[in-house]
Every structure is written in C-alpha cells, then in structure tokens.
Amino acid sequence: MSTPPSRSPTGRRRRVGALAGLLALALLGGPPGAAADAAPAPSDGPRPVSGSQLPADGPLVETIDRLWSPAAGAYRGFPGSPRTRANALLLRLHVRALVLGADSPLSPRLAAPERARQLVDALSRSPAFVDGRTTRYDPDDRDQSHRPGFTQTTGRGQRPSHQHIAIDPEVALALAEAVRARAVLGLRPAAVARARRAVLRTAGHPMFSPRHVRIGQLLWTTQMLWAKRLVDGDRRAFARAMRRALDTEDRLLPRLLTRDGGYRYQVKGRRGDALNRMDTPEYSLIALAGIQFLPQARADGMPLRRGELARYRRWGRRVVWGAFGNDGLLNWDTAWGADRRYLVQYWGWASTALQALAGADGVLPAADRRRARALCRRAQQRVLDLQDARGLLPKVLYGAATTFAAAGRDRALGSLRMLWSVSSCPEAGIPRSAASFDREQQRYAVTTPRYTTAVVGWSRDLSSGALPVRLLDGDGRAIGGLGGRRSGFDLVLGDLHLGGRPASGTRVRLSARRGSGPLTGRGSLRAVVRRGTAGARLRLRFGVEGFRIAGTSMRAAVPRWRIPLGEDATTTVEHRGGRTILRVSPARGASWSASVAGTARVGIARVGRDRLDPTVRRVATLALPRGRRIDLRVAVGPSAGPS
C-alpha cells in the first residue's frame, strides 16, 4: 500500500458533524447542494475520529499488506485463496479511509486508491460475479445457487464457487459505496458501469424481493435495497421497497419473536424445535439490524406503520441488554450451539449490527443507545487483548471447538469485521449492569462490571438447569468455565443434578421479572427442578459483585457442589464464620470465591478435556453433611485488566 501524506493537526480539528456530512455526500454522490439525494449517511463502519479508537497503524495493517496478491488483484485469506466477503469488506475499508482522509480512525495506509480500483474490478467480474439468465428462486430451497449473483471466490486465476444469500448484499454494498465515491477512488467510467451493472442485476433477483425476507433476516434484504439506492439514486423506489420489506417482516414477527424479545431461528418451524428453544443472538442481530436503514427510508418518504417502531424497539432492548456481556462479547447462549458459538466472525457481525443500530438516528431509545455505545468501547478493549502479534483475532474464542465446517480456517474475516465495527467508538461510560429473562426460552442472563453469566433451562450442548452456566470476569475471561457438561457448575443431590448434564426426566422451571433492562429490580431468579420424587426449590439473587443461591431440597440428601476451576488457577480453602470458603486465583483473570454454609470436605479432581470448554481441566468438589439446605455464595473481584 502506498503511504499517503501524514495527518495534519488542522485536519484533526475539523468538526465531526461536517465530516459526517462529507461522508454522506461522498457515499451518496452528487455535488454540494444535491438535496434530492442527501439521505442520512449509513450508520455502520468507521466514523470520523471521536472518543476512543483502535491504534491506526497496528500490526493488523502490516498483515493486510502482506495478504495482497498482485497476481489475483485481491487479498488472500489467512490462510487460503482470495475470498469475496473479506475483499468486499477491505474495499469498504479502503473507501472509508479515502473518504474520511485525515480524520479517519483507520490507518492512512488503507487510503490506497489503486488497490481499491483493483478490488472493484475483481468483485464486479467472474469469478466473484456471475451473470446470466435469472434463475428461479424458492425461499425454502437450501440450495442457494443463483444467477445473477456473487460467489465466495474472487480474483484472477480463481473459479466461481459456493453461493449464499448473505454474500451478495455485502459485495453489493462495497461496490455501491465505491461507485458513489468514484471521484475519490479515480474509477474509470467502464469500471463504474461494470460495478453498477453487477449491483443492479443482483438486486433484481427474486431472492432480494422485499416480498421475500429469507428466514426473517431483514438485513440481507435491506442492505441490497440500500446498495441499489446508492447506485440508481431512485428515492421513491427505495421507500416503496423498504415499506414492502418491513411489511413482510411484520407478518413474520409473531413467529420470529417470543413475548420477551427472544429470536426463533426457524420461522416456519414449531416453537418446540431445537433451533427455536433458545435464542440465536448472532442471527437476531442480523435480522434486527435491517432497521438501521429506517432513517434513510423515512428521509426518502417511507411512512411508518402505527406501533411499528415500538415493536422493533422491544426487540432491540432484548439485544442491547440481554445478548451482550459488559465485556463487549456476546453472552453467548445459542440454539446453534457449537455451530456458531464463539466464532469471531459472528461476533464481528453482531458487533457491527449493534453499532449500526446505535448510530441510526431515532431507531433505539436514548438509554439503549448509550449502552450500545459503551459496549463498543468494551469490545474495542477486548479486541486489543485478543489480537496476536499479527493483529489477528483467533478463529474461535477461548480455544473452543466449532462444529461449523463452513466457517473454514480463515482468521482474516473475523478480524476485519471487528476492525470495521469498533475502529472508532463515541465517548461513553461504563456499561450499566443488566439482566434479561425470557419466559418461553427459559433463559436468565446477567452482566455487571465484575462478571457475566446466564442460567438456561435447556442447552443444545452445554450445561443447563437451575445454576449459572459460565463465569466470565469483567474483561470476558473464563474464570469459572464456559459451561462444559462434565465441568460446569453443578449440585448433585442423590440422583438429581441441578446443573451440568441433566439426567433423563429432569424438568426445570425458571421464573423472574420478564424482559430486559438494568439489573436494579431484575436481580432475582426462582427455579424449581424435579426428577421423579426428587426435586429442589431455589432462589438466586444476583448483585454487582456476585450472586447467592439459596433453597431447599425436597428430600434429604448429601449435597455435592462442583465448582469449575480455570486452567492453572491456584486455590486455597478456609473455614470462617460457619462457612467453607474456596478462593480461586486464575493465572489470567479476576480472583473469585465460592463459599457454602457449614464444614465441607473439599477435593480437587481433574476432568477430561472438553472441546466445547477447554478452559477447565480441574474442578473442586465441596461435599456437605446430609440435609435439605442449599446455600452457595460466589463473589468476583475486580478485573486485573489486559493480560
């Protein structure tokens, strides 16, 4: 990448509002005063410098530079051949760096017009773009091959490959933004015409008709509508199409959402299907983020239906207060299990969607926007903590395994998505403690500056029951496991398990204040667990610094608590004030303690490696005399900061 002139202090002192206007103008095209096309700028991606930002010239920029392939005219993967999604995102980063200039939070080395021009060329011709006679479309067909449309591979010397509906809008947006910033990029008329054709041909495929919103994923449809709007400038058509898309989504919402805002992935499935028994926040955010284009649509003349915005705001509240931990990561319970959980590319998608919603004027209420912006700052810090010497993030967080083979091994895409999402964050304070409860999906989630956890009545492949599933500290480090069924929190009362892997015939019922919001007034959870004639009643109280579990067993038993210990953690035991206290000091992360009433026999045992929770190799067992009382207190210390 060529090195442009260094940023000047004068440039940094320009007003952010004026730069936002220039950004809108550059991405929407037209000379100053072109009010007919001056819809609000898109709300996702890097914005003019304000608040905090990632280091502009970190090691990731060097890695990006090394991935450039002159022969392909595109960026290679890490590892792998050039992929369309990553190159589309890199084109957007190049365009945003060039448009924002001296006030970009991105490295000035990304302001590389020649590479941007080559990416426009690569993405608008085969193998990235395949044209031809428009193919038929069946929304229920799992085969998503279609023409015209975009494929997974790009660059000279490659062949067209796999197609997926999520690829097309990402590439179309990148090309559309490049077309609108053609003067800045120095695009030739032939390149502009080819890029416009690729966008408009793909946008015209029935797959992206506003009357078809595949599995409720509104974002895919609205992104394509916005890309079309950018290149053809047809305000009325955009407003009409957005209205139809929202009407389609509105008809799906009763089947998509629970009463408390949880998302059901299988819109045509039954509520008891596995993929509908638990929220899928990584997809909920993709679906919900389609409303980020409401300001643009309303500016172009689209009316809102009565109560429409309120419905989306209820959904948004669940996402903002219930889907994320205060560390900026997803508090990740998903019906997809290890098929999606902890994949960084999905964290990147979710984080981008959250920040797009926070930046869209009038979409979320003020309190929700403040929390989303605060989460941006926390995600930024988490990215810095997780980057390796190359600036890349891991493929999967915590070293956990993924069963999603299609995710491949390329680490570049997730790293680039997080760069796009949190390269610059607005001024914001510390996120408030939050709690969320969904009656239908039986999930209670809580997050504070000290810890993040959840209690789930059902899980596809991790612990479930009446006890916390995981224990992350204030910086998102797994100090008490991720919820492995053989290593997560558990209380054994004879043949009854209150956590871990539930025994056959176990029934769990959770109850709490419904909905999502600040922790105050939402810190109490009740649970009833039954199996045959055995059972237990619990009350869990969650505070800022920890939680307490109290209750009774329905019949006397010898209680045996299982407490997960982070790898390389040191432990001490003391008996004080009528309690047995286990103190845990992880090698990385906040110290914490677990205590039980009475004198317990404490043992430490190794557990086999769990691919879904590799953070725990040892557990502590606390055995108490026979009785009916249940009592556990967990206190988490302040985070020690980046490791």
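Y265, Y283, W336, Y346, W349 and F404 form one aromatic cluster in this predicted model.

Across the whole structure, the search returns 18 aromatic pairs. Rings of Phe, Tyr and Trp (for Trp, the six-membered ring) are paired if their centres lie within 6.5 Å, with planes under 30 degrees apart counted as stacked, over 60 as edge-to-face and the rest as tilted. Y312 and W315 are stacked, because their ring centres are 6.2 Å apart and their planes lie at 20°. These two residues are three apart in helix α14 (residues 308–323), and therefore Y312 and W315 are separated by about one helical turn; helices are DSSP runs (H or I, at least four residues) numbered from the N terminus. Both Y312 and W315 are buried, that is, under 20% relative accessible area (1.4 Å probe, protein chains only).

The pair F542 and F547 is tilted, since the ring centres are 5.4 Å apart and the planes are at 40°. F542 counts as buried at 7% relative accessibility, as does F547 at 4%.

Residues are numbered from 1 along each chain as its sequence is written, and side-chain values use heavy atoms, with hydrogens and water left out. Local features need pLDDT of at least 70 and side-chain atom pairs count only at pLDDT 80 or more, whereas totals for chains, interfaces and linings use all residues.

Notes: Buried < 20%, exposed > 50% of the residue type's maximum accessible area, 1.4 Å probe, protein only.
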